[in-house]
Amino acid sequence: MIPSEEPASEQLQRDTQTNSLANEDSQESHFPDSTKTGSEDANESSSSKNFATFNDGNQFTDEDLVTEPELKTLILQYNPNVMKDIIKIEKGVENFFLFNGAVYALSKAEELVYLNNETLDILASKKAIVRFQYIDYSDEIQDLILRNVVIRPVGLKADMIKKVKIACMRASALSLIMHISKRDQIIADRIKSNDLSHWIMNQYFISESGTVMDVNNPKQLPAIIKKIDNLSFESFLESRFKLFPELFVGILNILGKRSGEPYIETFSSMEVKEPAHKVIQARGGLSILVEAAPYFSFIRTAIHELASTETDSHAPKPVRSELETIVDLFGLIARNILIDILPPEQNQSIDRNSANNFPSYLEELEKHPSFSSSGGWDGAETFLTIFRSIIQKSTTLSEARNEYLIEFILKENLKSLNMKFEPVLIRYDEFNVDLTLQEILGIEKKTLFSKFLDRCKTNPELIYKLERRANHGIYGIQLLFRENLPNGFIENRKKRNLLHSMARESGIKNGIYEFLAEVPLNHPDRVRLVQEQLKLSKSISEWEKDQEEERIRKENEAKGLIKRFLEWLLSLFGIAASVSARRDDDRSDDNSSNGSKDKTYNRNPKSDKSNETVAQKKSVGVYGGPKEREISIPTAVQKAIDFVDRSNRGIIWLDDVVSAMRSSQYTLTKVSDMMFYDKQRRYIEIRALNDIRHVFIRKELESDIDWINNSIDYLDNSTSRNPEFQALSQQLKKLL
């Protein structure tokens with residue numbers, strides 16, 4: 001739990017480049033806070049290992065629930081009103097699917113009137129219901145709350161239960177990310193005030209009497225070693241909540257990204273608030289948790305902890321992160337343990353001031369037989385494992401920080417390209433490097449410039465041309481943002497050859513012709529794009545004409561004065577000298593391999609489609625009648641259709657539309673005809689249900705797999721048990 005007295009700091013300004021972190025799979029981490037105090041049993045700190053048997057979550061299986069007749073038999077011994085709570089539970093699951101997997105719609109155990117915890121446990125053991133949990137983040141109290149929910153889908157199927165549980169795990173993970181956001185702000189504040197080490201000791205190393213332990217006191221070292229487990233994220237979860245093992249493991253799998261699924265997909269159906277989004281972004285697309293040992297995870301270091309931007313100079317300043325502070329603390333503990341367990345003549349040789357000796361401390365402790373659990377140091381093995389891991393991760397952190405600072409230098413030198421439509425030449429002697437950063441990195445300017453050239457050549461957003469001098473190699477680079485090339489080509493007639501050459505050198509095989517393209521008829525900004533394409537096409541024609549004139553001029557210069565005079569003389573008598581066929585090296589090369597790429601903007605897309613057969617899935621409905629019967633739907637009817645559409649998440653029951661209008665002017669048949677013959681052809685009629693209940697869906701939803709799956713889940717778990725729900729569900733399943 002984050003202490004309430006901590007002021008929330010303003011989020012540090014970020015100018016991050018995450019590619020350097022993404023290449024480091026074992027990148028550094030920092031540690032979650034904990035509420036453990038000295039009054040708690042020290043053995044409790046290792047209780048997270050009780051979950052080690054549930055390593056990957058595959059041990060958890062769900063079964064179909066008992067049917068309604070069996071359920072009624074089970075509850076005969078209870079108050080008859082218990083069935084009201086059962087219906088409430090089923091309605092909660094129905095609403096869960098109705099609101100696209102919203103866990104807050106599930107029935108909470110404390111909200112039930114007639115079912116107490118003991119009865120719920122009995123029913124769960126009889127497979128009548130399922131008990132589960134999720135962690136919620138309250139904006140009001142700015143803290144985490146554990147919600148106990150009860151699940152019984154009307155469909156009774158195990159896969160429906162699994163979907164609800166997965167949603168609970170994801171909601172819990174997202175709530176914890178919100179909690180981490182607040183913690184990130186506290187860490188940033190502590191780093192800025194230079195008291196992070198003191199804060200860590202206050203959070204994790206409190207004695208039984210409630211005072212902060214002293215790592216320099218040899219008598220307290222065994223107790224400090226016992227509390228190392230407090231630093232783990234698993235310990236934090238256990239200190240706050242009594243979680244079901246399945247939820248516990250699910251949270252770790254999501255935050256540790258063990259499935260490899262990107263967070264953008266994991267939380268695609270949920271609202272990710274800005275603080276949570278910043279936490280994910282600050283980890284550079286990597287997992288939020290980093291495992292240092294089995295069931296001992298840390299929170300990955302945020303990118304903004306690598307360097308501070310709040311400096312007098314424009315350049316960022318490297319700062320000591322939480323991970324490095326923890327490594328220093330471990331090193332201090334290891335050094336003091338060695339001084340305590342080694343004979344006086346040996347401990348005099350220990351270097352007491354250098355962080356470079358941390359690996360040697362670790363090696364010495366691993367060799368010493370007395371430093372073990374059997375030797376009176378309970379938790380010694382965990383200490384050594386974690387110490388080894390965080391030394392490695394701090395090395396990675398240092399490398400990532402250097403990459404971050406290098407990226408900053410390179411970005412600063414690219415700022416001159418902003419809003420430029422002609423190439424910018426960056427020379428070695430004009431390459432800007434902050435002297436302080438250069439000294440911190442220990443890299444020569446020449447090496448940094450070489451890295452800059454390599455980044456520019458591999459950046460897909462840039463086009464470039466290297467500038468060379470004879471016998472001197474590369475002295476500079478011409479740069480332009482790729483998206484500015486068309487406008488640059490239009491506006492800079494004298495530099496069109498250079499721009500075309502830059503594009504080809506940057507891997508754009510067809511050069512400027514690559515930017516000629518068709519504009520789709522339904523594009524929202526079609527008018528502007530067509531105008532841009534016309535301007536570009538005209539500029540290319542002018543450039544080709546200039547090229548031809550230049551070619552003829554050079555040919556004439558090569559002929560000599562006498563030959564040109566003779567050709568002029570012959571022309572007076574109407575005799576024209578043969579002229580060689582027009583050449584266009586650039587386009588002839590392109591056309592030979594690409595089939596006249598420069599003509600693509602005049603191609604008819606229908607001609608391409610006529611040569612291929614596209615297999616299409618058969619529709620489950622019918623939309624649109626003959627054109628002569630097309631109808632424009634009146635405003636009043638359209639409002640009613642939209643209302644029913646929103647209320648039922650895309651399912652438009654025709655009788656609901658008529659009821660919503662409350663007018664005798666519109667009958668079922670009349671409204672049905674309006675939707676079927678809609679001029680805009682927006683709706684599909686599911687005719688297989690006409691004998692049961694008329695229904696339409698929007699045309700675009702027929703190909704929306706997510707909507708189809710969610711609708712099927714809702715229809716199969718609706719408490720209404722209407723026959724049209726089952727019939728529609730069967731029709732939608734045909735689309736999968």
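# Briefing on a predicted protein chain

The largest nonpolar core has 73 residues, and F371, F383, F387, F452 and L479 have the most contacts inside it. Helix α15, which spans residues 380-414, supplies the largest share of this core, with 15 residues. The model is predicted. Its protein chain contains 28 helices and 14 strands, and 46% of the 736 residues are buried.

**Nonpolar cores**

- Leaving aside residues up to four places away in sequence, F452 touches L410, N413, L414, I426, F431, I477 and L479.
- L479, one of the residues touched by F452, is also listed with F452 among those with the most contacts inside the largest core.
- Another core lies apart from the largest one and has 69 residues, including L174, F233, F267 and Y295.
- In soluble globular proteins, nonpolar side chains tend to be buried together.

**A three-stranded sheet**

- Three strands form an open sheet in the order β2-β4-β3, and their pairing is antiparallel.
- β2 (107-108) and β3 (130-138) are the edge strands; each has a single partner strand, so one side of each has no neighbour in the sheet.
- Strand β4 covers residues 143-151 and pairs with β2 in the antiparallel sense over two bridges.
- S107 has V150 in β4 as its bridge partner.
- Strands of a sheet pair through backbone hydrogen bonds, in either a parallel or an antiparallel way.
- Helix α5, made up of residues 158-193, lies across β3 and β4 and runs at about 25 degrees to β3.

**Contacts and surface of the whole chain**

- Among contacts in the protein chain with a separation of 6 or more, 68% are between residues 24 or more positions apart.
- The protein chain has an accessible surface of about 38100 Å², and carbon and sulfur atoms account for 49% of that surface.

**Confidence of the prediction**

- The mean pLDDT of the protein chain is 79, with 80% of its residues reaching 70 or more.
- Residues 1-54 have pLDDT below 50, and this stretch has 164 contacts in the model beyond near neighbours in sequence.
- Residues 577-617 also have pLDDT below 50, and this stretch has 46 contacts in the model beyond near neighbours in sequence.
- Where pLDDT is low, the predicted coordinates should not be read in detail.

Methods. Residues numbered from 1 in each chain as written. Heavy atoms only, no water. Pairing = 2+ DSSP bridges. Helix = DSSP H or I, 4+ residues; strand = E, 2+ residues; numbered from the N terminus. Contact = heavy atoms within 4.5 Å. Axes fitted to C-alpha atoms, helices over the stretch in contact; angles between N-to-C directions. pLDDT = per-residue confidence, 0-100. Buried < 20%, exposed > 50% of the residue type's maximum accessible area, 1.4 Å probe, protein only. Areas by Shrake-Rupley, 256 points an atom, 1.4 Å probe, with all protein chains shown as cover. Core = buried A, V, L, I, M, F, W, Y, C linked by side-chain atoms within 4.5 Å.
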